[in-house]
Structures are given as structure tokens and as C-alpha cells.
Amino acid sequence: MAPTTAADLVARLRAAGKTVAVAESLTGGLVAAALTDIPGASVVVRGGVLAYATDVKAHVLGVNEVLLAQVGAVDADVAEQMASGVRSLMGATYGLATTGVAGPDRVDGKPVGTVYVAVVGPGSSRVKALSLSGDRGDIRADSVLAALTLLAEELGAQVREDPPTAHC
């Protein structure tokens, strides 16, 4: 797949009449900022939650507290639940989430560069595990790109799965 830009995503969402909401941890709002930097984004971006603290993930996004206690905030299932929670909370077609360790220290025993991005849409969900390198800025920037790419892949899958429209 060609590199995905936020402008491409906004255009694709707009053309499809779809919306997105974002739940972010390690990216601290960078995914939402990338999308809302695009003119016309207000038509497709419903909102976002900056869920840096674990209790915010549980109490605002509905991430299972037992799961958080068992595995910590940096986990594939946590990312998926964050995406599902923000989708529901904001009434969006797609929920997009990031969680991980940008550094400089390990979190919940997970090494720096461990990242999960997730997208949840109508009848589908995808989670991607990443092992990134570089400094804190590099990891966060690569996480934003990974999240946008995952949403683009989901949109592509949705387009391919939709049956052709009959013209009479």
C-alpha cells in the first residue's frame, strides 16, 4: 500500500460518508491533530479522548479494569477496547486507538518501542503490534503513521467487501 496521508483519509472518509473518533495514549493527540489539520476534517472527525492515564482508559473508554490490572495498558486487547470505546462514546463509524511505550523507560515490563494500534468499525476490528526504534519523537511519529495506515487498510477492506451497486 502506498504511504497514507491524513488528507487521503479525510477525503476517503468524506467520500464514503463515514466518521472516525480517536483514543490516544502514547501519541498524546498527534493522530487527532494530523487528521484535524486537514481542511474539511470537521465533517469526518467526531472527536477524541487523550487517555494517557490507565484509569481514564477504564472509566472513560470502558477498557476492562481486570484486563488492565492483569496486562497493563500496553496490550493488543487494551488497544482494541480503546478503539471500541471511543467509537461508541463519539458515535463514529470507526474508532482508532494507540497505546504503547514511547520512552525513555519501560512501562508495565514492556520495552520502549512496543506499540499497539487498533481500529474498530462496523462488524470488524484490527490490531497491529509494532516494535519501533528511535527516540521518543520517532516512536510517536511512527505510531501516528501506523494508526493512519491501519485505518486506510480498514477503509480499503470495507470498500472491497461492499457489494457492487446495481444500476437500473
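**Figure 1. Surface and charges of the predicted chain.** The protein chain exposes about 8,000 Å², and carbon and sulfur atoms supply 53% of it (Shrake-Rupley method, 1.4 Å probe). The mean positions of its 13 positive and 17 negative charges lie 5 Å apart. Lys and Arg count as positive, Asp and Glu as negative; His and the chain ends are not counted. Charges are placed at NZ of Lys, CZ of Arg, CG of Asp or CD of Glu. The model is predicted: local features need pLDDT of at least 70, side-chain atom pairs count only at pLDDT 80 or more, and totals for chains, interfaces and linings use all residues. Residues are numbered from 1 along each chain as its sequence is written, and side-chain values use heavy atoms, without hydrogens and water.

**Figure 2. The largest nonpolar core.** This core has 29 residues; Val 20, Val 31, Leu 35 and Leu 151 touch the most other members. Core members are buried Ala, Val, Leu, Ile, Met, Phe, Trp, Tyr and Cys residues joined through side-chain atoms within 4.5 Å; buried means under 20% relative accessible area (1.4 Å probe, protein chains only). α6 gives the most, with 9 residues. Helices (H or I, at least four residues) and strands (E, at least two) are DSSP runs numbered from the N terminus.

**Figure 3. Surroundings of Leu 35.** Leaving aside residues up to four places away in sequence, Leu 35 touches Ala 6, Leu 9, Val 10, Val 20, Val 22, Ala 41, Val 45 and Leu 148. Contact means heavy atoms within 4.5 Å.

Notes
Buried means under 20% relative accessible area, exposed over 50%, partly exposed in between (1.4 Å probe, protein chains only).
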